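Welcome, and thank you for coming along. Please open the structure in your viewer and keep the selection tool at hand.

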Amino acid sequence: MFKTHLVIKAVENGYELVDKFIYTDDDYYIIVPVHFFSDFASVPWIFRGMIARDEGGMRKASVIHDWLYNIKSTPFHPYITKKNADSIFLKIMLETDLSRFKAYSAYYAVKFFGNSHYKKG
């Protein structure tokens, strides 16, 4: 469940958070800080017709997902593996207004093609 609204401003090549963005559920309490940059979804060209990255549910899930890829597994966040980040991404999309088809399409896109983004954070 989202505890705050997604408040952003357009910047070169993406968006910057104007206020912190918080998502929580039974397992996670995720805070994306002010000034975090997101491009909402680096969707591979082959999936762009199926995945509209500007839809509300996709934007919210993508910001959380981008943040998790950014912090990934470190001594301070040992549970943020790529698999965890991708699973949280899917869970959030399914909680929003996004169709199941689009949610699973986006999930499989990051699951199979997100390695390079996860590695560079």
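How many bridges join strand β1 to strand β2? Select residues 8-11 for β1 and residues 14-17 for β2: four bridges join these strands, and they run antiparallel. Keep in mind as you look around that this is a predicted model.

**Stop 1: the β1-β2 hairpin**

Begin with I8, whose bridge partner in β2 is L17. Then move on to V11, which stands opposite G14 in β2. The hairpin of β1 and β2 has two residues between the strands. Click on N13 here, which takes a positive phi near 65°.

**Stop 2**

You have an open sheet of three strands in the order β1-β2-β5, with antiparallel pairing. In general, strands of a sheet pair through backbone hydrogen bonds.

**Stop 2: a second hairpin**

Next, select strand β3 (residues 21-24) and strand β4 (residues 29-32). β3 and β4 form a hairpin with four residues between them, and their antiparallel pairing runs over four bridges. Find Y23 and look across to β4, where I30 stands opposite.

Show the side chains of β3 as well. Which of them point one way, and which the other? F21 and Y23 point one way, while I22 and T24 point the other way, and all of them are buried.

**Stop 4**

Select residues 82-95 to bring up helix α2, then pick out D86 within α2. Is D86 buried or exposed? D86 counts as buried because its relative accessibility is 2%, and the cut-off for buried is under 20%.

Display the side chain of Y69 too: a polar contact of 2.7 Å joins the side chains of D86 and Y69. Leaving aside neighbours within four places in sequence, D86 is in contact with H65, Y69, Y107, V110 and K111.

**Stop 3**

Y108 counts as partly exposed because its relative accessibility is 37%, which lies between the cut-offs of 20% and 50%.

How values were computed: Residues numbered from 1 in each chain as written. Predicted model: local features only at pLDDT ≥ 70, side-chain atom pairs only at ≥ 80, totals over all residues. Heavy atoms only, no water. Pairing = 2+ DSSP bridges. Buried < 20%, exposed > 50% of the residue type's maximum accessible area, 1.4 Å probe, protein only. Polar contact = N/O pair within 3.5 Å; in protein donor to acceptor, adjacent residues only side chain to side chain. Contact = heavy atoms within 4.5 Å.
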